[in-house]
Amino acid sequence: MISFTQVHKRYPGGYEALKGISFDIAEGEMVFLTGHSGAGKSTLLKLIAAIERPNSGSVLVNSQNVGALSGGALPYLRRNLGIIFQDHKLLFDRSVFDNVLLPLQICGFDHRESGKRVRAALDKVGLLKREKTNPIALSGGERQRLCIARAIVNRPAILLADEPTGNLDAAYAQEIMAIFKSFHQVGVTLLISTHDVSVLQDSGVRRLTLKEGVLQ
Amino acid sequence: MTRALALHLGVLRAALRRMFASKLGGLLNILVIGIALSLPAGMYALLQNAQGLVAQLSGTPQISLFLATDAQADDIDALRKQLAAHPAVHGAEFVARERALEQLKQSTGLADVIVGLEKNPLPDAFVVSPKQGNAQALDILRGELAQLPGVELAQLDSAWAYKLEALLEFGHLAVLILAVLLSLALVAVTFNTIRLQILTQRDEIEVSRLIGATDGFIRRPFLYFGAMQGLLGGIMAWAIVTASLLLLNRPLGELSQLYASQFVLHPLSFGDSLSLLLFSLYLGWLGAWLSVARHLSQIEPR
Ligand SMILES: Nc1ncnc2c1ncn2[C@@H]1O[C@H](COP(=O)(O)OP(=O)(O)OP(=O)(O)O)[C@@H](O)[C@H]1O
Ligand SMILES: [Mg+2]
């Protein structure tokens, strides 16, 4: 499903964030990406969504070389991905409901169908009662869950989560991990980055560890 | 098809909602565009009316030949024959001085004054209808007729109309220049409005891109907004022009009665109105398009 081969990423300014990364993630697999702050976790996830492009090597998603994707094809790649951004990227000029609605509007869903889907997604993360709230009034954990709802509302085959439990207490983090496990059970491919190793101790799932841009 | 239509209507509704989210700002923009467009449109309407008047008055050009007040019947007969033989003259009607006085009494409100006159001040006259109607031929003919024996004065009745027509042509050019300049202003106003909108919606644009919005999807609400703003400005301009013409009609009616004529200002024709609306819609769309092309590429998701 996702395949990296000898991927190098150098940022403008010369900093090498990723050095010779190679790995494969099969369909339906759930994988954690760990590493210290600045190890290159976010960079790796951005390469998958073609938010950044590799300087060399290839990034394949669904056997499509996303590093070479044209600007016109990009939107259709991203519609197949659910992305939870490290900095949330929520919109504070609209309600919780409308934040989750945005991906469906972009894909051109009709009105009634999208209303149902938004409520189903909000229900899944336990925010159904807050649909009219502005996200500015949500707690950190609730915002995190709102991000999840927006990422899954489109029912993507691949879910990329960048530090979904960052800054949350252990109880909240466990709750969110439980949500991810339920997606894993219905066959979604997941790649979750975290520097918080404590949440995975008992999980027994596959782990990719980055250190200074190199896969361990 | 209906689904695509519903989507477009949804975008249009969102654009309108956004326009009136800041009620005052939206209205002010529409007002500015409306006033800017109403200037050339109003001048154009006045010119159209003046042109109608000219056509009405100069429809059948005539040359009046006034004879000396002491002209005898022999002189008149000789002149009549010469006129009938002239190749450029279509026909000539003799107006005896008594009849001219009678007409003057009836057509103007001067009956009292005329009754008080000791003797008829008017000369005998011929009203000549020429074969050709263009201004130059008429002028040459007038010169020739003035030379005929017994003719004291040859006057082209519609000379002023031709001068006015030349003036109107000049006016049309002025309207055109004004229209071009104010159209540019409209495009600039829309360009700037959309630029500000793009800036305030930077986050939305960035997030939309990140979750798979096409450029078309991002561009569409701005284009619709520009087109809508242009159209509403056009409607405003139309309303200003129409209301002004109607307002002018009352004093004009009183004025034209003094000159014993009937003259009303006609509003913009259906075709001209439609052109105005479509043109303003197009200009708004163009301003938005230019702004979007210029500013959207500067927002790259991180
Ligand atoms: N746009 C950029 N331009 C230049 N350098 C960048 C850019 N983005 C990231 N970097 C650098 O690349 C390195 C890896 O960054 P990245 O965000 O991938 O780390 P991370 O593992 O996600 O860290 P954290 O856990 O703090 O989020 C960092 O040293 C960072 O300074
Ligand atoms: Mg990061």
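**Close-up 1. Buried residues of helix 3 in chain A of a predicted model.** The buried residues of helix 3 of chain A are Val96(A), Phe97(A), Asn99(A), Val100(A), Leu101(A), Leu102(A), Pro103(A), Leu104(A) and Ile106(A). Helix 3 spans residues 96-107 and is mostly covered, with nine of its twelve residues buried. Just after helix 3 of chain A comes Gly108(A), which has a positive phi of about 80°.

**Close-up 2. The open sheet of chain A.** Four strands make up this open sheet, in the order 2-1-4-5, and their pairing is antiparallel. Strand 2 (16-25) and strand 5 (64-65) of chain A are at the edges; each has a single partner strand, so one side of each has no neighbour in the sheet. Strands of a sheet pair through backbone hydrogen bonds, and the pairing is either parallel or antiparallel.

**Close-up 3. Strand 1 and strand 2 of chain A.** Strand 1 (residues 2-10) pairs with strand 2 in the antiparallel sense, over six bridges. Ile2(A) of chain A stands opposite Ile25(A) in strand 2. Val7(A) stands opposite Ile21(A), also in strand 2 of chain A. The hairpin formed by strand 1 and strand 2 of chain A has five residues between the strands, and in this hairpin Gly13(A) takes a positive phi near 110°.

**Close-up 4. Strand 1 and strand 4 of chain A.** These two strands run antiparallel and are joined by five bridges. The bridge partner of Thr5(A) is Ser58(A), in strand 4 of chain A.

**Close-up 5. The sheet of chain A with helix 1, which packs on the sheet.** Strand 1 and strand 2 of chain A pair over six bridges. Helix 1 (residues 41-48) of chain A touches both of these strands and also strand 4 (56-61). The direction of helix 1 makes about 120° with that of strand 1 of chain A.

**Close-up 6. Protein donors of the magnesium ion (ligand 2).** The protein donors are Ser42(A), through OG, and Gln86(A), through OE1, and they lie 1.9 to 2.1 Å from the ion. The pair links distant parts of the chain, 44 residues apart: Ser42(A) is in helix 1 of chain A, and Gln86(A) is in the loop between strand 6 (81-84) and helix 3 of chain A. Is Ser42(A) buried or exposed? Ser42(A) counts as buried because its relative accessibility is 19%, and the cut-off for buried is under 20%. Gln86(A), with a relative accessible area of 43%, is partly exposed.

Conventions: Residues numbered from 1 in each chain as written. Chains lettered and ligands numbered in written order. Predicted model: local features only at pLDDT ≥ 70, side-chain atom pairs only at ≥ 80, totals over all residues. Heavy atoms only, no water. Pairing = 2+ DSSP bridges. Contact = heavy atoms within 4.5 Å. Axes fitted to C-alpha atoms, helices over the stretch in contact; angles between N-to-C directions. Buried < 20%, exposed > 50% of the residue type's maximum accessible area, 1.4 Å probe, protein only. Donors = N, O, S within 2.8 Å, 3.2 Å for Na, K, Ca; no water.
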